[in-house]
Amino acid sequence: MMNVPGVLGGDPEVWKKLGIFPVRDGHAPLLTGKDLNAYVLSGLQSDHECTSYTEAAEKLRLGMYIMMREGSTERNLAALAPLLTPCTASRCCLATDDRHADTLAREGHIDGCIRKLVGYGVPLELALRAATLTAAERFRLSDRGAIAPGRRADFCVLAGGDEFRVKETYILGRRYTDPGYREAACPKPQITCRLPGPEDLALHGTGTARVIGLVEGQIVTETLSIQADAAAIPDLERDILKVTVCDRYRGEGAGVGLAHGFGLKEGALAASVSHDAHNIVAVGVSDAAIIAAIGEVIRNRGAMVAVSQAGTTVLPLPCGGLMATAPYGEVVAALDRLAEQTRSMGAIENPFMYLSFLALTVIPHLRITPRGVFDGDAFTDVPLFQEEP
């Protein structure tokens, strides 16, 4: 349940949804105090958005399950590892929301979280408890999570050595064998976005601008108040770039804002993965580059795209404009090509993951939508330039 204001405000539709299911996952980044008490009282039982020990400890004390997350860019295990003790292991699980295929191939999935926790000083037994039994109990899967009479024979055989590495996997007592690549049946992507022109991306005004500040290794952003002149954007010296979200379903236009932290010195990035509405999101150093990158996304009917002087690199996402359908080795190779190009453009590591979250309005603090700049704390649209007193 990501709509925290709807829960706290007693929105009838939200509460109807809460009443449907007995297992209710929360999504409440930075929520604290009485609001957090009200959120838990409403029936939310877990949270995977904790970014600090203090935040996680408060939610744990109120009875929530804490899903300790380590994604491609959302790196929270180092801060949360001290939370996992013999006293808390029954309420701590692991999560990887979100990991790209290249991170999965190189770092693993939950197994990678286990290795990291052990590296942070957590006893292996506690890390395994969080990865198995606690997760099963949290989701009321009483027939799994442990090797015991009456439970499913789902288990792993570890490789030799001191490091946690899975050698074999068994499901219902049978050794699992990878069947190899199978072409997926996917829904066709709905890409009806109108390619924006320079007039759609134009900004006007001067004064104190609301700028989305990326926080490295975190999903939350900062609300930066920076003196800016729209005519002087992009400001590469201060790393202030234009960011836009285009409505890909109705073709009703684009919202434009400013972002700090991408580090781009040339070109643009665009993708059709932008949580949770998954409109087309782009950032770049010029309108021409942004338009070119968005055009490639539209032409491919969903993709991740990097455009620079070196050329254009594309990872097609034909499954709903969200997922690749090629064998994972090819997907990883394409992500590697994108990473090589974006590094040459000066970008932060994993820029597409940061880009995908810019439109996620339920995460504090500042976001961008097809309507423009959005304040996640006030939960309302706001103008790019602040009103001067």
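This is a predicted model: local features need pLDDT of at least 70, side-chain atom pairs count only at pLDDT 80 or more; totals for chains, interfaces and linings use all residues.

## Before we start

How many cavities of 30 Å³ or more does the structure hold? There are 2 of them. Let us begin with the second largest cavity, whose volume is about 40 Å³. Its lining is made by Cys193, Arg194, Pro196, Asp200, Cys246, Asp247, Gly251, Glu252, Gly253 and Ala254. Sorted by class, the lining of this second largest cavity has 4 nonpolar, 2 polar and 4 charged residues.

The largest cavity has a volume of about 60 Å³. Around it you will find Thr73, Leu214, Val215, Gln218, Ile219, Val220, Thr221, Tyr354, Phe357, Leu358 and Arg367. In this lining of the largest cavity, 7 residues are nonpolar, 3 are polar and 1 is charged.

## The largest pocket

Now for the open spaces. The largest pocket has a volume of about 1300 Å³. It is lined by 38 residues, and those closest to its centre are Ile110, Ala131, Thr132, Cys156 and Val166. Several elements give two or more residues to this lining: helices H6 (101-107), H7, H8, H9 (133-138) and H12 (328-344), together with strands S5 (155-158) and S6 (166-171).

Which element gives the largest share of the lining of the largest pocket? That is H6, with 5 residues. By class, the lining of the largest pocket has 25 nonpolar, 5 polar and 8 charged residues.

## The second largest pocket

The second largest pocket has a volume of about 640 Å³. Of the 27 residues in its lining, Ala101, Leu322, Met323, Ala324 and Val331 lie nearest the centre. The elements that give two or more residues to this lining are H6, H12 and helix H13 (351-357).

How does the lining of the second largest pocket divide by class? It has 19 nonpolar, 5 polar and 3 charged residues.

## A pair of helices

Next, find helix H7 (residues 110-119) and helix H8 (residues 124-131), whose axes come within 9 Å and cross at roughly 150°. Angles over 145 degrees count as roughly antiparallel, so H7 is roughly antiparallel to H8. The crossing of these two helices is right-handed.

Which residues meet where H7 and H8 are in contact? From H7 come Ile110, Ile114, Leu117 and Val118, and from H8 come Leu124, Ala127, Leu128 and Ala131. By class, this contact has 8 nonpolar residues, with no polar and no charged ones.

## Points to look for in the loops

Most residues other than glycine have a negative phi, and most peptide bonds are trans. With that in mind, look at the loop between strand S9 (221-229) and strand S10 (240-246), where Pro234 lies. A cis peptide bond joins Ile233 and Pro234, with omega about 10°. The loop between S9 and S10 also holds Asp239. Although Asp239 is not a glycine, its phi is positive, at about 55°.

Where does Asp276 lie? It is found in the loop between strand S12 (268-271) and strand S13 (280-284). Here a cis peptide bond joins His275 to Asp276, and omega is about -5°.

Methods: Residues are numbered from 1 along each chain as its sequence is written. Side-chain values use heavy atoms; hydrogens and water are left out. On a 1 Å grid over the protein atoms alone, a cavity is a set of points where a 1.4 Å probe fits but cannot get out, and a pocket is an open set with protein on both sides within 12 Å along at least five of seven lines; lining residues have an atom within 4 Å of a point. Grid points are joined across faces, edges and corners, and a volume is the space filled by probe spheres set on the points. Ala, Val, Leu, Ile, Met, Phe, Trp, Tyr, Cys and Pro count as nonpolar, Asp, Glu, Lys and Arg as charged, and the others, Gly among them, as polar. Axes are lines fitted to C-alpha atoms, for helices over the stretch in contact, and angles run from 0 to 180 degrees between N-to-C directions. Helices (H or I, at least four residues) and strands (E, at least two) are DSSP runs, numbered from the N terminus. Angles under 35 degrees count as roughly parallel, over 145 as roughly antiparallel, 65 to 115 as roughly perpendicular and the rest as oblique. A crossing is left-handed if the near helix is turned anticlockwise from the far one by less than a right angle, and right-handed if clockwise. Contact means heavy atoms within 4.5 Å.
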